[in-house]
Amino acid sequence: MKAIFSLLLICTPLLFFGQSKQVLSENGELINIEKVLQKYIQFPSLSESEKEAGTYLKSICKNNGLYISDFGTDNGQYNFAASILPLSSGKPNIILLSHIDVVPESDTNLRKAYSGEIEDDVIYGRGAIDNKGAGIMQLYGMLKFKDVNEVDDLPYNITFLAVSCEETQCQGGIQYVLDNHFEELNAVAVVGEGPSELTGLIEGEFDHPVFGISLITKRPLWLELIFTSKTNGHGSITPTNYANKEMVEALHRLTKKKPKVIYNDMNVAFLKDVGSFHNGPKKAALRNPKLFRPAIVPHLRKFPELLSLFTNTITLTNLITNGGAVNKLSSQAIAQLDCRLLPETNETEFLHMIRSRLKNEEIEIRVLERAPKVAPSPSNSIYHESLVKAITSYYPKAKTMDMLMPNTNDLFAFRQRNIPSYGAIPVYFDKEEVRSVHGKNEHLHLKSLHDGSEVFLRFIQILMGVPSTGTTN
Ligand SMILES: [Zn+2]
């Protein structure tokens, strides 16, 4: 997950350890929750190597009184549910979803990738935000709830679900869990990774923070274009047509055209919401996006992150040939395209458009990865309403904004099964924190661990009908 929408906001420095709750460690000793995250980060859990980190996390859940259900215990398929009631209770279940795996370290890391070191109330290391930090916020909120409430007679079960392989979408992660344990989970709603606080992205005069809640993501369509030529000879004589030339020319035709800006219900609602944070002519334009389309579109094109919410994107990620020597023609040229489709886009029509822009019938188009269409999760469910209330009661004057996210994540698998699923990391991130996700020196302000957990605590309290006990931000 790349929380590209959370930009600069000033985090007030506070002493966090004073606010910190202690939990039972893997050995049954009391430790601060920050130390739990530190140790969790210190297990380098690349996709398909999640077992050690997962075993540690599970031991924390178990030692703090949660009921464990194993959904696979091997690398690449290490998944477990940790619930306040056993799944066999059959209660409607609210799932807090996170993934154990992380992306590889960045080459230019200035700090050790898995150090978990804490300096000036900031914790460093791969996974500090995505998704170990976000997962610990959820778990911490759950444990705070469980500590002070009798859980037997409540209307819901709450489950912390930790899975493998989100980053690579291998088969042993969320797909395996839902293919084999969907009924057992009895999920009625899911909250997982998503946007954080947004005001840094949106121009405007803000007298309040705005937190994003994603209802849907774009869907990936990964393609491979292959041109195989009969010509493979010496580079000293240039044939009229040969693989690399054909491919380069076709790719030029494909990529030179600007992507079409497409309005749908969700991105139009997004523009209107953004409009409410402006004054004057900007407000008028954004509140009437269709009428002011000619003014809005050029503006969107200046911001790739924003533009991605309005377009089907085609990114040429790799070029592969079977050449080798500078004086030998490659007989095959392969291009890989990472395309991301808006929810309503018809895949067949999109592939037709690619085919017609390439203007080369000899190029074979192979689909490497596709995802079916899913509907956005409802913005009028009690789960959505509870999440909004949790955020706005913890952060005074805060508002929330429903949105589409350009990058896909595991919530997709629940949406596919019609379970309302919401993406949110309800904290402030500064610019550097956002850039560090999948980048160098991933880090998280420890205060966010506390803030996020307080929002999740309230979310649970509101749904359960239990009075709020927490403080405000
Ligand atoms: Zn993630």
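Visitor: What distance separates the centres of domain 1 and domain 2?

Guide: Taken over C-alpha atoms, the centres are 33 Å apart. This is a predicted model: local features need pLDDT of at least 70, side-chain atom pairs count only at pLDDT 80 or more, and totals for chains, interfaces and linings use all residues. Residues are numbered from 1 along each chain as its sequence is written.

Visitor: Where are the bounds of domain 1 and domain 2?

Guide: Domain 1 covers 16-213 + 375-464, and domain 2 covers 218-370. The bounds come from an automatic or database domain assignment.

Visitor: How many residues of domain 1 are in contact with domain 2?

Guide: 11 residues of domain 1 are in contact with 16 of domain 2. Contact means C-beta atoms, placed from the backbone, within 7 Å. On the domain 1 side, seven are nonpolar, two polar and two charged. Nonpolar means Ala, Val, Leu, Ile, Met, Phe, Trp, Tyr, Cys and Pro; charged means Asp, Glu, Lys and Arg; the others, Gly among them, are polar.

Visitor: Why does leucine 30 count as exposed?

Guide: Leucine 30 has 9 C-beta neighbours inside 10 Å, so it counts as exposed. Leucine 30 lies in strand β2 (residues 30-32). Strands are DSSP runs of E, at least two residues; helices are runs of H or I, at least four; both are numbered from the N terminus.

Visitor: Which residues of α12 are buried?

Guide: Tyr383, His384, Ser386, Leu387, Val388, Ala390, Ile391 and Tyr394. Their cover includes β9 (187-192) and α15 (446-464).

Technical notes:
Buried ≥ 20, exposed ≤ 12 C-beta atoms within 10 Å, placed from the backbone. Contact = placed C-beta atoms within 7 Å.
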